[in-house]
Structures are given as C-alpha cells and as structure tokens.
Amino acid sequence: MSTQFDQVSIVKKANLYFDGKCVSHTVLFADGSKKTLGVIFPSTLVFNTAAAEIMELNAGQCRIRLQGSQDWQTYQAGQQFQVAANSSFEIETLETLDYVCHFI
C-alpha cells in the first residue's frame, strides 16, 4: 500500500455521513478515477455501494458484514476488504478508522 498519491486534485468540501461519524474527502486522478480518504469514528453503520470498492485500512480496527453474509470479519491497519457493486455492508468501528476507499 502506498503512503501517498501524487499529482491529484482534492475536492475541498468534506463528505459528511451519519451525523459526522464518517468524514471523507474525494481525491481525483488524471485518468478520471477517484478515491476517498477518510475516517469513521467508533460506531456501527450501514453503507450502500453503487460501484465496487476496496477499503484499505491505514489505522484502526473494524468488523464488517457483507450483504447476504451472516458472519462478521475483523480487519485492522494494513489490511483491506472488497465490497461488490450495488451491494451494502455493515461496519462496526472498534476505534477510529483511517481509510482509503478505492472505487473499482
């Protein structure tokens, strides 16, 4: 996992979700792709996806349950998980989670 992104544009306005429990900024790349960089404060939330995503965890720990699954999976800094397009996932952040969301 890289530690920085070079030659990008950043959308200044923050994306605020769930009454501020999730805060991110959109990063735009020259090839037209985008990512979001953000934090999720300790909480249990449900996210819906339009595009497929890879969630890369920089710091913190969480548990997730993908749509249709009965099982929770635990992830921590240095790990990542993938979510299908047009799906959803539940996430329980056990401590503040610093992440990069890669839209694929």
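I count a contact when heavy atoms lie within 4.5 Å.

**Ground rules.** I am working with a predicted model, where local features need pLDDT of at least 70, side-chain atom pairs count only at pLDDT 80 or more, and totals for chains, interfaces and linings use all residues. Residues are numbered from 1 along each chain as its sequence is written, and side-chain values use heavy atoms, with hydrogens and water left out.

**Entry on S88.** I began with S88. I looked up its neighbours, leaving out residues up to four places away in sequence: S88 touches V46, F47, N48, T49, L66, Q67 and V83. S88 lies in strand β10. Is S88 buried or exposed? S88 is buried, with a relative accessible area of 14%. My cut-offs are under 20% relative accessible area for buried, over 50% for exposed, and partly exposed in between, with a 1.4 Å probe and protein chains only.

**Entry on the open sheet.** I then followed β10 into its sheet. Four strands make up this open sheet, in the order β5-β10-β7-β8, with antiparallel pairing. Two strands pair if DSSP finds at least two bridges between them. At the edges I find β5 (43–49) and β8 (73–76), each pairing on one side only. On average, neighbouring strands here are turned by 30° against each other, direction ignored. Axes are lines fitted to C-alpha atoms, and angles run from 0 to 180 degrees between N-to-C directions. I checked one pair in detail. β7 (residues 61–66) is joined to β8 by four bridges, and the two run antiparallel. I64 stands opposite Q73 in β8.

**Entry on β3 and its partners.** I looked next at β3, residues 22–29. Three antiparallel bridges tie β3 to β1 (residues 8–10). There, V8 has F29 as its bridge partner. Three bridges also join β3 to β2 (residues 15–17), again antiparallel. L16 stands opposite V23. How many bridges join β3 to β4? I find seven, with β4 covering residues 34–40 and running antiparallel to β3. V27 stands opposite K35 in β4.

I also checked two hairpins. The hairpin of β2 and β3 has four residues between the strands, and F18 there takes a positive phi near 55°. The hairpin of β3 and β4 has four residues between the strands, and G32 takes a positive phi near 95°.

**Entry on the core.** I define a nonpolar core as a set of buried Ala, Val, Leu, Ile, Met, Phe, Trp, Tyr and Cys residues joined through side-chain atoms within 4.5 Å. The largest has 16 residues, and I40, C62, F81 and I91 make the most contacts inside it. Two or more residues come from each of β5, β6 (53–59), β7, β9 (80–83), β10 (87–93) and β11 (97–103). β11 gives the largest share, three residues. I looked up I40 with residues up to four places away left out. Its contacts include L45, F47, I91, L97 and Y99.

**Entry on cysteines.** How many disulfides does the structure hold? I find zero. A disulfide needs a pair of cysteine sulfur atoms within 2.5 Å. The sulfur of C22 is 9.3 Å from the closest cysteine sulfur, in C101, so the two are too far apart for a bond. C22 is buried, at 0% relative accessibility. C101 is buried with a relative accessible area of 4%.
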